[in-house]
Every structure is written in structure tokens, then in C-alpha cells.
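Please examine the sequence and the structure shown below.

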Amino acid sequence: TRREAFGLLAGAGLASAGCSLYETPKSASLPTPASRRSHRFISRTGFAPRPGEVEDVERLGFEEWLDKQLEAGGESLRLNNRVGRLDINHFSAFELRDWNREDIIRQQQSSDILYAALSPWQVRERAIDFWTNHFNIYGRKGMAAHRIPTDHREVIRKHALGFFPAMLKASAHSTAMLLFLDQQASHYGQPNENYARELLELHTLGVGSGYTQQDVMEVARCFTGWTEERGFLKKKGAFRFDPKLHDNGEKTVLGHTIPADGGVEDGNKVLEILVHDPRTAAYLAKKMVDFYTGQENAELEGRVAEAYLEHPVGDIKRCL
């Protein structure tokens with residue numbers, strides 16, 4: 001039928017348009033026995049070797065190659081052009097509010113694949129993959145998908161090779177994270193515990209690390225009033241602290257007393273307590289070792305945790 005014919009043509013057009021975003025290298029081969037260790041090293045730290053990369057590793061050595069990767073610079077014009085075709089990379093969360101959710105998710109997936117496939121900075125892309133999962137936001141809950149592109153740019157991609165305290169603070173001020181965990185419903189007299197629990201259980205200390213339900217409740221009180229800007233002539237979709245919704249009483253978090261009337265600083269003090277806690281170092285070290293090596297290694301986990309706690313605390317490059 002005419003409808004089937006037009007559907008077939010449209011499908012073919014979309015397929016060809018999609019394929020034009022991705023290019024398979026003209027030369028690719030399986031690793032030789034002599035290069036398997038270098039091939040495996042690149043695959044662990046990135047998304048498998050690009051043409052000529054095995055030779056680079058073997059010429060420079062693992063440590064020098066990794067050092068160069070950790071100083072990741074800008075992307076190629078070729079990659080920037082391809083990523084630039086994706087509309088989500090040009091609009092804020094509020095500007096995307098009327099877009100179809102599935103279209104946004106598909107574009108975000110395309111953006112991630114383009115970077116993983118075409119960026120020469122594979123260590124950075126692998127780190128971005130790790131932290132995207134660490135600070136996971138489910139895109140099909142409410143309006144989360146509309147906020148994820150901004151969160152990905154301003155939280156994950158910006159800080160993936162930086163310092164964990166800065167990334168945690170950026171995540172705590174991200175409306176994508178806050179509203180995904182119902183923080184807009186958290187206020188004095190009725191604090192919502194979703195973000196507080198996620199912060200302790202998944203972002204910092206780890207489940208079973210010794211914090212209590214009372215700690216969760218106190219952290220939830222500290223973050224009351226952290227919400228999204230929706231006011232007239234304001235930067236809609238940005239972080240906003242509403243003092244009218246905040247619990248101004250004294251709190252005790254993990255044995256630390258947080259004085260009354262601290263306002264927005266109550267939440268910031270919680271973040272400072274958490275990033276300096278040795279349990280956060282141990283939890284992140286365990287996750288990183290498992291992610292990059294595929295197995296538990298207590299000795300290596302201890303070394304990564306020590307690297308995390310050195311001054312300045314939370315240097316992700318030093319941990320890697």
C-alpha cells in the first residue's frame with residue numbers, strides 16, 4: 001500500500017541518516033599474541049583500541065600512555081560536528097520540557113555512543129561511563145529524561161576526571177537528581193528521605209557501612225528546601241533553595257552536630273562530612289577496582305582508598 005511504501009522509504013532514510021553518524025575504521029584486526037596484554041589494558045581503561053592505539057601503548061608504556069590520557073583535552077572537529085547535530089546538546093532542561101521523552105533518550109544514547117566510539121580520550125569516556133552509573137538517574141520516571149542531558153554535561157562529563165567532592169556537590173545541586181528522588185516534596189515537618197538514602201547508600205558510604213536510619217532522617221532534614229526554580233522571570237529548571245521549606249533545627253549526622261539556622265549550608269556540611277569519611281573512600285575504591293579489573297582485590301582497593309584520602313581529597317586522576 002501507499003502507507004507501507006512511504007513507511008519503507010522513511011525507514012530507509014532514517015537508517016541511512018543514523019549510519020552517517022558512525023564510521024567503522026577502515027582497518028581493524030584481532031590482537032596478535034604479542035599485543036594481547038596491551039589490547040586488554042586499553043579495553044579495560046577505555047572502549048577497546050582505536051587504529052594504531054596498541055602500537056602507541058607499546059611504544060610509550062602503560063604508565064606514560066595513561067598519563068597522557070588523564071590530561072584529556074578537547075575533541076576533534078569531526079566528533080564535535082557529529083555531537084553538535086544532536087539537539088539535546090543545545091537546550092536546557094526547561095527548554096526540553098515539551099519534547100518527546102523517548103526522542104531525548106535516543107539522542108542521549110547516540111551522544112554517548114559517538115563519544116565512546118570516536119573520542120581519542122578513551123580513559124575519560126570510560127570514567128564518564130563509570131560515574132554515569134554511580135550517579136544513576138532513571139530516565140523514564142516523570143520528567144527525568146528532560147533533565148538528564150544537562151546533568152550529564154554539568155555533573156558527569158565536567159567532573160569525571162576531576163575531584164569527587166566537586167562532582168558530588170554538583171550532583172546534589174542538579175535538579176535532575178533532586179527531582180528524580182522527589183526532593184521537591186521534602187520540607188519542614190515532612191522531609192522526604194529518598195535523596196538522603198541514595199546519598200548515603202549509593203553515592204558515598206555504601207550500604208552496610210554503619211550509618212543508621214536516624215542518620216538518614218537527619219540528612220533528609222538537612223536537605224529540606226533544596227528544590228527547582230520555577231518562578232516567573234527566573235532561570236527555570238535551575239537549583240533553588242527555599243528557606244520557607246527548610247528545617248532550621250539542630251541536626252546530628254554521623255556523630256557530627258550541625259547547628260540550628262544553617263539554611264542551605266546544612267546540606268553542604270553533610271556533603272563535606274561524607275567526602276572526607278574513610279568509608280566513602282573504601283566504597284568508591286571497591287567499585288572502581290571491580291569496574292576496571294572485573295574482580296575483587298583487597299590490596300588494590302586499599303591503595304585506591306589511600307589515594308582518595310590524600311590531600312586534596314577525592315582526586316579521581318590519582319585514584320585511577
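**Pockets, helices and cores**

About 580 Å³ of space lies in the second largest pocket of this predicted model. This pocket is lined by 25 residues, and those closest to its centre are Gln 108, Asp 112, Thr 132, Ile 148 and His 152. The largest share comes from α6, which supplies seven residues. Sorted by class, the lining of the second largest pocket comprises 12 nonpolar, seven polar and six charged residues.

One of the residues closest to the centre of this pocket, His 152, lies in helix α8. Is His 152 buried or exposed? His 152 counts as buried because its relative accessibility is 9%, and the cut-off for buried is under 20%. When neighbours within four places in sequence are left aside, His 152 is in contact with Gln 108, Asp 112, Ile 128, Thr 132 and Arg 157.

The helices around this pocket may now be considered in turn. Helix α6 has 18 residues and reaches 26 Å from its first C-alpha to its last, close to the 26 Å expected at 1.5 Å a residue. Its buried residues include Gln 108, Leu 114 and Tyr 115, and the buried residues of α6 pack against α5 (77-84), α7 and α8. Helix α7, with 13 residues, reaches 18 Å between its first and last C-alpha, close to the 18 Å expected at 1.5 Å a residue. Helix α7 is mostly covered, since 10 of its 13 residues are buried; among them are Ile 128, Phe 130 and Trp 131.

In soluble globular proteins, nonpolar side chains tend to be buried together. In this model, the largest nonpolar core has 65 residues, and those with the most contacts inside it are Trp 131, Phe 164, Leu 199, Phe 223 and Val 270. Helix α14 contributes the largest share of this core, seven residues. A second, separate core has nine residues, including Leu 79, Leu 96, Leu 114 and Tyr 115. Returning to Phe 223, its contacts, apart from neighbours within four places in sequence, are Gln 183, Tyr 195, Leu 199, Gly 267, Val 270 and Leu 271.

Rolling a probe the size of a water molecule over the atoms shows where empty space is left. How many cavities of 30 Å³ or more does the structure hold? It holds one, and about 40 Å³ of space lies in the largest cavity. Its lining includes Trp 131, Phe 164, Ala 281 and Leu 284. Helices α14, α15 and α16 each give two or more residues to this lining, and α14 gives the most, with four. The lining of the largest cavity divides into 10 nonpolar, no polar and no charged residues.

Of the 24 residues that line it, the closest to its centre are Phe 41, Thr 45, Thr 293, Leu 300 and Leu 320. At least two residues of this lining are supplied by each of α2 (36-45), α4 (62-70), α14 (278-293), α15 (298-309) and α16 (316-319). By class, the lining of the largest pocket has 13 nonpolar, three polar and eight charged residues.

Notes: Residues numbered from 1 in each chain as written. Predicted model: local features only at pLDDT ≥ 70, side-chain atom pairs only at ≥ 80, totals over all residues. Heavy atoms only, no water. 1 Å grid on protein atoms, 1.4 Å probe; cavity = no way out; pocket = protein on both sides within 12 Å on 5 of 7 lines; lining within 4 Å. Nonpolar A, V, L, I, M, F, W, Y, C, P; charged D, E, K, R; others polar. Points joined across faces, edges and corners; volume = space filled by probe spheres on them. Expected span 1.5 Å × (residues − 1). Buried < 20%, exposed > 50% of the residue type's maximum accessible area, 1.4 Å probe, protein only. Contact = heavy atoms within 4.5 Å. Core = buried A, V, L, I, M, F, W, Y, C linked by side-chain atoms within 4.5 Å.
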